[in-house]
Every structure is written in C-alpha cells, then in structure tokens.
Amino acid sequence: MCGDSVIATQETFQFPDGGAIPTSPLQFKFEVISAKAACDLNLKWHSRFPDIHWSNVVRNKRYICFAAKFEGVYFAVAIWSSPIAGNRLKDGWLLLELRRMAICEQAPKNTASRMLSWMRKDINKRFPEIIRLISYQDTGVHLGTIYKASGWKLINTMSKQVDWATTGRKRNKPQSDYPKVRWELDLNTSQTLIGVR
C-alpha cells in the first residue's frame, strides 16, 4: 500500500497540536454565535477588514453571526446586520448585509460557498421579512468568485471610495481605499430556484 492511498482514505488531517482539519466543507456544522465571539474570530482571520467592534453589530435593528465548526473548532465566521447605509438603499429596512466573512487558512476549498448557501436558508427561516441579502466586495483583494458561485448578482461598482459619514455622525478612516462592488441575492428568487431543482 503506497503512502498516497493511506492519506486519501483518511477523512481528516491533523493540526500540529493533534486537532482534526476537515477535508470538505460538508463536514461543518453551522451555528449562531455571539457578536463578540464573531468579532474576535474576524480579528484573527480577516485579511483585509479585521477591525469591527461587536457594539457596531448589536446596535442594528437586525443582526446575526454564524460560525462553521468541526470537532469543536471554529474554521469560519460571518457577521450579518441591517445595512450600514440602509437609508441610501431601496427597501433598506428589508435587507440584511454580510458585513464580514472570514475563513481560517486550514478550512477546505469551497467553505465560503457552502457557508453562504447554509446562511441564506437559515436567514430566510429566522427573518422571513428580509427580501434581499447584500454584500460589498473589496476589489483590491477579491474577485467576487464566492458570490458568483452562490448565485448572487453584481449590482453596482463604485468607482471611488464612498464616505459613509454624515453631517450628524463622523466615521473612522476606511480600512481600504479600493473601489467596492455591491452584490445582491434576492431571497424570493433563490427560493424559487431551490424549488425548481
């Protein structure tokens, strides 16, 4: 028996400290976690936007945070809330924004797509009034592949950095100066597509 066949038959690999690493995103269990825990994981893993304080999440009308877990260890996190600029969007009060999604380096390929699919279904159950999901992609480091693969639609490309500050509220300096792209997923359309398959 060659060494390659032994590795191929194993379901997981080992961390140096003895913990298991999943080989497929289908092995994850997804769960709701606190905003504080989600922000701590985001700080640890997010390559571009690590800074988000939990109080900026919980003060929204709606928010929910998810994590992907395998054998008691977190491998990915996502933070959702009412849109930051909901007042500038049509039906902004009926949308939910993916504020951050961070995945550790050891997570298997397609973790983001699998997690997006699971979260969409869970959000649809928990928040039936939500009609659309939105997310902003930083063009400096991402191509939008996870959104394309998950059926999201490219809606808007902002050619310059948008200043979210208003006359009544100043914001911190942006963490990125690259243009952003807004992606959207209509939940009513995605339900119809699921029923057709």
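Which residue in E9 is the bridge partner of Lys-153? The legends below, written for a predicted model, take up this question in the second view.

**View 1. The seven-stranded sheet of the predicted model.**
Seven strands make up an open sheet of mixed pairing, and their order across it is E3-E4-E5-E6-E7-E9-E8.

**View 2. Strand E9 with its partners E7 and E8.**
E9 pairs with E7 in the antiparallel sense over seven bridges, and Arg-132 stands opposite Asp-186 of E9. E8 and E9 also run antiparallel, joined by four bridges, and here Lys-153 has Glu-184 in E9 as its bridge partner. Because six of the seven residues of E9 are buried, this strand is largely enclosed by the rest of the structure.

**View 3. Arg-182, a buried arginine in strand E9.**
Arg-182 lies in strand E9, and with a relative accessibility of 12% it counts as buried, because the cut-off for that term is under 20%. Leaving aside neighbours within four places in sequence, Arg-182 is in contact with Leu-89, with Ser-135 and Tyr-136, and with Lys-153, Leu-154, Ile-155 and Asn-156. The C-alpha atoms of Arg-182 and Asn-156 are 5.1 Å apart, although 26 residues separate the two in sequence.

E4 and E5 pair in the antiparallel sense over eight bridges, with Ala-67 having Val-77 in E5 as its bridge partner. Two residues lie between the strands of this hairpin, in which Glu-71 takes a positive phi near 50 degrees. On to the next strand, E5 and E6 run antiparallel and are joined by six bridges, and Ser-81 stands opposite Glu-97 in E6. E5 is mostly covered, since seven of its nine residues are buried.

**View 4. The parallel pair E6 and E7, and the surroundings of Leu-133.**
E6 and strand E7 (residues 132-138) run parallel and are joined by four bridges, and Leu-96 has Leu-133 in E7 as its bridge partner. Once neighbours within four places in sequence are left aside, the contacts of Leu-133 include Trp-80, Trp-152 and Trp-183, together with Leu-96, Leu-185 and Leu-187. Arg-120, Ile-123 and Glu-184 are also among the residues in contact with Leu-133.

**View 5. The largest nonpolar core.**
In soluble globular proteins, nonpolar side chains tend to be buried together. The largest nonpolar core of this model has 43 residues, and those with the most contacts inside it are Trp-80, Met-115 and Leu-133. At least two residues of this core come from each of strand E3 (29-33), helix H2 (35-45), strand E4 (63-70), strand E5 (73-81), strand E6 (95-103), helix H4 (111-126) and strand E9 (180-186).

**View 6. Aromatic rings around Phe-30 and Trp-118.**
Six aromatic pairs are found in a search of the whole structure. One of these pairs, formed by Phe-30 and Trp-118, is stacked, with 5.1 Å from centre to centre and 25 degrees between the planes. This pair links distant parts of the chain, as Phe-30 is in strand E3 and Trp-118 is in helix H4, 88 residues apart. Phe-30 is buried, with a relative accessible area of 12%, whereas Trp-118 is partly exposed at 23%. Ring pairs join Phe-28, Phe-30, Phe-66, Phe-75 and Trp-118 into a cluster.

**View 7. Confidence along the predicted chain.**
The chain has an average pLDDT of 80, and 75% of the residues score at least 70. Over residues 1-14 the pLDDT is below 50, and this stretch has 17 contacts in the model beyond near neighbours in sequence. Residues 190-197 also stay under 50, and for them the model has four contacts beyond four places in sequence.

Key. Residues numbered from 1 in each chain as written. Heavy atoms only, no water. Core = buried A, V, L, I, M, F, W, Y, C linked by side-chain atoms within 4.5 Å. Buried < 20%, exposed > 50% of the residue type's maximum accessible area, 1.4 Å probe, protein only. Contact = heavy atoms within 4.5 Å. Pairing = 2+ DSSP bridges. Phe/Tyr/Trp six-rings, centres within 6.5 Å; stacked < 30°, edge-to-face > 60°. pLDDT = per-residue confidence, 0-100.
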